[in-house]
Amino acid sequence: MRTKPFLGLALMVILIVPATSLSANAVLVPDSPKGKFQIAGAGATFPFPIIDTWRVEYNAKFPDVTLNYQSIGSGGGIKLHTEKTVDFGATDAPLTKAEAQLATGTLTIPETIGAITISYNIPEIPQKGLELTGAIIADIYMGKITKWNDKKIKDLNPELKLPDKNILVVRRSDGSGTTYGFTDYLSTVSKTWNTNVGKGKSVAWPVGVGSPGNEGVAAVVRSTPYAIGYVELAYALQSGMTYAFVQNGDGATFVEPSLESIASAAAGASTKLPKAHEDWSQVSIVNSPGKNSYPISSFSYLLVYEDLSKLSNMDKDKAKTLVHLIHWMITDGQKSAPSLQYVPLPTEVQEIGKEGLARIKFKGEQLFAYDGSGIMSTKPTSTMSKDSKTSKESAMKLKDTKTSKDTLYKSCEKYKDILSKYNVCIKFVDKKMSKTTHKTSNK
């Protein structure tokens, strides 16, 4: 009568305790930095506000590690990554297939999610909320709509007194992932744009004046009456700029760029993304369906080599530090995202990054292992599998034996070194034994 209750408890002890053994040898993050290192990154201006915040926060936790990030645009980041002159690159445009061939072994790791605003400077309309459709934005950037009081804009905004002033179109002058995201959107909503201009980090702009970086475009728009430009949300908000509400992918409403509307746009894509080592060239979340989905939303990515020994200025300890830094960025670092108007990475997207980091090696040595279930270990994955197999075999053997109180005590004794509360285990067995005996005697 007592064997079954004991058997259930013993199974629990023997199955769970080996898992605890794994946890004792596991770490929640890759190995912490050991030594003084300077990590060099370069690329997209889109995520610069949050990367710069990470630079400060990470250094406060790990004073021996300094992050130096050059905000030079996605094109520059891809170039330096390909040339292996930085430890990691950053881009808002995923690598094309041709670019990936020039940088074989590159892992694409999403770092944040943001939005591209259509910012404007109309002195007569100092508030945000001018409503624009994708077709109108495309016509402005094609040079087909040249006045702020054009009938198409007036019909959408009848309550506003739009001035009879020429529109000054501002765009990026450098190779830019923000340009990629913006032209990806225009190519999606306008067949004319897609046919005549297309999408890319650099395109043959029909009209407009150029300025480098999100900060450059923001500065020109902010200082020039009647200008319009595409600017990442964090820059627009930090600069106190006004921006349009853009018609959503369903064509039903005009949506303001916000954390909620960006998250809505990204939600559908999170479970359909490639693995870090796979092809990302077709990934896009522009014009996503949904009533509250802001249509010009975008991921931003880190680029890092799977084999870090390819980099001439890299050694094993620095490589492990880089892995730790990137892991921190995509996990703990996400806490800083909302205050800077970026959307924290969903769990599914963080998993892509973690699994990607587990692929990184230095001279053939894996720097840390990740089993895909939230446990990271300095042990090789095969060791973890062996322990798991042993636990199952022990459980199967137990089914054919009679279990006693002594058996349970022996389980506690065997794993006392990894159980921080050894006595609790013994008391737990006694308590269960007492309850079981009491119930049995009642029967």
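Me: On a 1 Å grid over the protein atoms alone, a cavity is a set of points where a 1.4 Å probe fits but cannot get out, and lining residues have an atom within 4 Å of a point. How many cavities of 30 Å³ or more does the structure hold?

Reply: The structure holds one of that size. This is a predicted model, in which local features need pLDDT of at least 70 and side-chain atom pairs count only at pLDDT 80 or more, while totals for chains, interfaces and linings use all residues. Residues are numbered from 1 along each chain as its sequence is written, and side-chain values use heavy atoms, without hydrogens or water.

Me: How much space is in the largest cavity, and which residues lie nearest its centre?

Reply: The largest cavity holds about 70 Å³. Its lining has 13 residues, and D92, Y180, V283, S284 and S298 lie nearest the centre.

Me: Which elements supply that lining?

Reply: Helix α7 (177-189) and strand β13 (297-305) each supply at least two residues. The largest share, four residues, comes from β13. Helices here are DSSP runs of H or I with at least four residues, and strands are runs of E with at least two.

Me: Turning to the cores, which residues have the most contacts inside the largest one?

Reply: I118, Y141, I153 and L308 have the most contacts in this nonpolar core of 93 residues. Helix α12 (residues 316-330) gives the most to the core, with eight residues. Apart from this core lies another, of 11 residues, including Y235, A236, Y243 and F245. Core members are buried Ala, Val, Leu, Ile, Met, Phe, Trp, Tyr and Cys residues joined through side-chain atoms within 4.5 Å.

Me: What about α13: how many of its residues are buried?

Reply: Eight of the 11 residues of helix α13 (347-357) are buried, that is, the helix is mostly covered. Buried means under 20% relative accessible area with a 1.4 Å probe, counting protein chains only. The buried residues are V349, Q350, E351, I352, G353, K354, G356 and L357.

Me: Lastly, what is the strand order in the open sheet of three strands?

Reply: The order is β6-β11-β12, with mixed pairing. The edge strands, β6 (131-132) and β12 (254-255), each pair on one side only. Strand β11 (residues 245-247) runs antiparallel to β12, joined by two bridges, and Q247 stands opposite F254 in β12. Pairing requires at least two DSSP bridges between two strands.

Notes: Buried < 20%, exposed > 50% of the residue type's maximum accessible area, 1.4 Å probe, protein only. 1 Å grid on protein atoms, 1.4 Å probe; cavity = no way out; pocket = protein on both sides within 12 Å on 5 of 7 lines; lining within 4 Å. Points joined across faces, edges and corners; volume = space filled by probe spheres on them.
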